Amino acid sequence: MQARQTASLRIAVATTGTGGDILPFVALAQELSKIGHRVVMLVPEFHEFLVQSHGLEYTVFGTIDEFQPLLEDPDFWDERKGFGVVWKGLARTYKKQ
């Protein structure tokens, strides 16, 4: 029986948070790359070194000053609303580029 070949995909992995939040996505990106996919990570500027040190392709967005208002938004800490706060913040900072 032959192994089934899968098409190579271009995958964007967007993440933010602390280093501990980003590391699982770094591991995911590494594994996807190992099986032949082209992975680009989208990470905050202040985590550029972390992703770079793992040899991954990446694009940075946002500064600490741009993320501080997200952390101060009470909805950020709500388990149902937090993703929406992050997503809106990502969209704002990425549009500037």
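**Exercise 1. Describe the sheet: the strand order, the direction of pairing and the edge strands.**

Solution. 
Step 1. In this predicted model, three strands form an open sheet in the order E1-E2-E3, with parallel pairing. Strands (E, at least two residues) and helices (H or I, at least four) are DSSP runs, numbered from the N terminus. Two strands pair if DSSP finds at least two bridges between them.
Step 2. E1 and strand E3 (57–61) each pair on one side only, which makes them the edge strands.
Step 3. From one strand to the next, the twist averages 20°.
Step 4. E2 and E3 run parallel and are joined by five bridges. Met41 stands opposite Tyr58 in E3.
Step 5. H1 packs on the sheet and touches E1 and E2; its direction makes about 165° with that of E2. Axes here are lines fitted to C-alpha atoms, for helices over the stretch in contact, and angles run from 0 to 180 degrees between N-to-C directions.

The conventions are as follows. Residues are numbered from 1 along each chain as its sequence is written. Local features need pLDDT of at least 70, side-chain atom pairs count only at pLDDT 80 or more, and totals for chains, interfaces and linings use all residues, while side-chain values use heavy atoms, leaving out hydrogens and water.

**Exercise 2. State the pattern of secondary structure along the chain.**

Solution. 
Step 1. The chain has four helices and three strands.
Step 2. Read along the sequence, the pattern is β-α-β-α-β-α-α.

**Exercise 3. Identify the largest nonpolar core and the elements that supply it.**

Solution. 
Step 1. A nonpolar core is a set of buried Ala, Val, Leu, Ile, Met, Phe, Trp, Tyr and Cys residues joined through side-chain atoms within 4.5 Å. Buried means under 20% relative accessible area, exposed over 50%, and partly exposed in between (1.4 Å probe, protein chains only).
Step 2. The largest such core has twelve residues, including Ile11, Ile22, Val39, Met41 and Leu56.
Step 3. Two or more residues each come from strand E1 (10–14), helix H1 (19–34), strand E2 (38–44) and helix H2 (48–52). H1 gives the largest share, four residues.
Step 4. Another core, of seven residues, lies apart from it; Leu42, Phe61, Leu70 and Val86 are among them.
Step 5. Val39 is in contact (heavy atoms within 4.5 Å) with Ile11, Val13, Ala29, Leu32, Ser33 and Glu57, leaving aside neighbours within four places in sequence.
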